[in-house]
Amino acid sequence: MDTLQHQTYQDEIHSLQEEIRLLEQQSQNSHIYMGSFLKTMDIQQEKFSVQNSESWKCSNTDLEAQIEQAESQIALLTQLTGIGFTKCIMTTMGKGDDKRKQYRLSGYSHSLQFDLEFELLKVQAEENVITTVTELNVILESNEFCDLSRFISRAEEKKSLLLLFRTLSTFAKWYELRQVTFRHFKVG
């Protein structure tokens, strides 16, 4: 009977390992898609910044269609990354070529709640606009994630929003998967 039970556990372990492999593959595919999506968004932003003020005049139906399209893109991005924002406050400081924008975002990554404060500095250099993060501060709703705090400190030190969001998304996703696995073995 012990060998039968042992074999059952081994089969379950192999099944979970296969499921983890498939989830990792899906995650890699979504990161590739997200990269192309962000490139498309950058191209769209460049188009909007180049257009003159006359091109911004449009009807209510056009605006509603644009809002609907933006909402669907945000929903898709939230579904792909697991990151969503519930609140955003932006303050602009400075004039001329050096403009600072302070952002305060509240959001979630899967089931992990966070608040994020950062400052962007835009500097006009010849034909290009250079945007850099000058300050970054992350506040987690829960103090139970001490492993995550090291990664967040590193992202704050490097002032890297990309590193922060990748870390949050990956950690929160694996945290949820771990909780599901624990519940599975706890029930059985």
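K159 is found in the loop between α3 and α4, where helices (H or I, at least four residues) and strands (E, at least two) are DSSP runs numbered from the N terminus. This is a predicted model, in which local features need pLDDT of at least 70, side-chain atom pairs count only at pLDDT 80 or more, and totals for chains, interfaces and linings use all residues. Residues are numbered from 1 along each chain as its sequence is written, and side-chain values use heavy atoms, with hydrogens and water left out.

**Loop residues with positive phi**

- K159 has a positive phi of about 55° although it is not a glycine.
- With a relative accessible area of 35%, K159 is partly exposed; buried means under 20% relative accessible area, exposed over 50%, and partly exposed in between (1.4 Å probe, protein chains only).
- H110 lies in the loop between β2 and β3, and its phi is near 55°, a positive value in a residue other than glycine.
- H110 is partly exposed, with a relative accessible area of 26%.
- Most residues other than glycine have a negative phi.
- G82, which follows α2, has a positive phi near 80°.

**Overall make-up**

- The protein chain contains 4 helices and 4 strands, and from the N terminus on the elements run α-α-β-β-β-β-α-α.
- Of the 188 residues in the protein chain, 21% are buried.
- The protein chain exposes about 14100 Å², and carbon and sulfur atoms supply 54% of this area; accessible areas come from the Shrake-Rupley method with a 1.4 Å probe, and for residues only the protein chains shown count as cover.
- Among contacts in the protein chain between residues at least 6 apart in sequence, 43% join residues at least 24 apart; contact means heavy atoms within 4.5 Å.

- Helix α2 covers residues 60–81, and at 1.5 Å a residue its 22 residues should span 32 Å; its end C-alpha atoms are 31 Å apart, which agrees.
- The expected span of a helix is 1.5 Å times one less than its number of residues.
- The 13 residues of α3 should span 18 Å at 1.5 Å a residue, and the separation of its end C-alpha atoms, 19 Å, agrees with this.
- L148, I152 and A155 are buried in α3.
- The buried residues of α3 fall within an arc of 55° seen down the helix axis, so they line one face of the helix; the arc is that of the directions from the helix axis to the C-beta atoms.
- C146, R150, E157 and K158 are exposed on the other side of α3.

**The β3–β4 hairpin**

- β3 and β4 pair in the antiparallel sense over 12 bridges; two strands pair if DSSP finds at least two bridges between them.
- The hairpin formed by β3 and β4 has 2 residues between the strands, and E126 in the turn has a positive phi of about 55°.
- F118 stands opposite L136 in β4, and K122 stands opposite T131 in β4.
- In a regular strand the side chains alternate between the two faces of the sheet.

**The largest nonpolar core**

- The largest nonpolar core has 22 residues, of which L116, F118, L164 and L168 touch the most other members.
- A nonpolar core is a set of buried Ala, Val, Leu, Ile, Met, Phe, Trp, Tyr and Cys residues joined through side-chain atoms within 4.5 Å.
- The elements that give two or more residues to this core are β2 (98–109), β3 (112–125), β4 (128–140), α3 (146–158) and α4 (161–187).
- α4 gives the most to this core, with 6 residues.

**Contacts of L164 and I152**

- Leaving aside its neighbours within four places in sequence, L164 is in contact with L116, L136, V138, I152 and A155.
- I152 is found in helix α3 and counts as buried at 6% relative accessibility.
- With neighbours within four places in sequence again left aside, I152 is in contact with V138, L140, L164 and L168.
- I152 and L164 are 12 residues apart along the chain, and their C-alpha atoms are separated by 6.4 Å.
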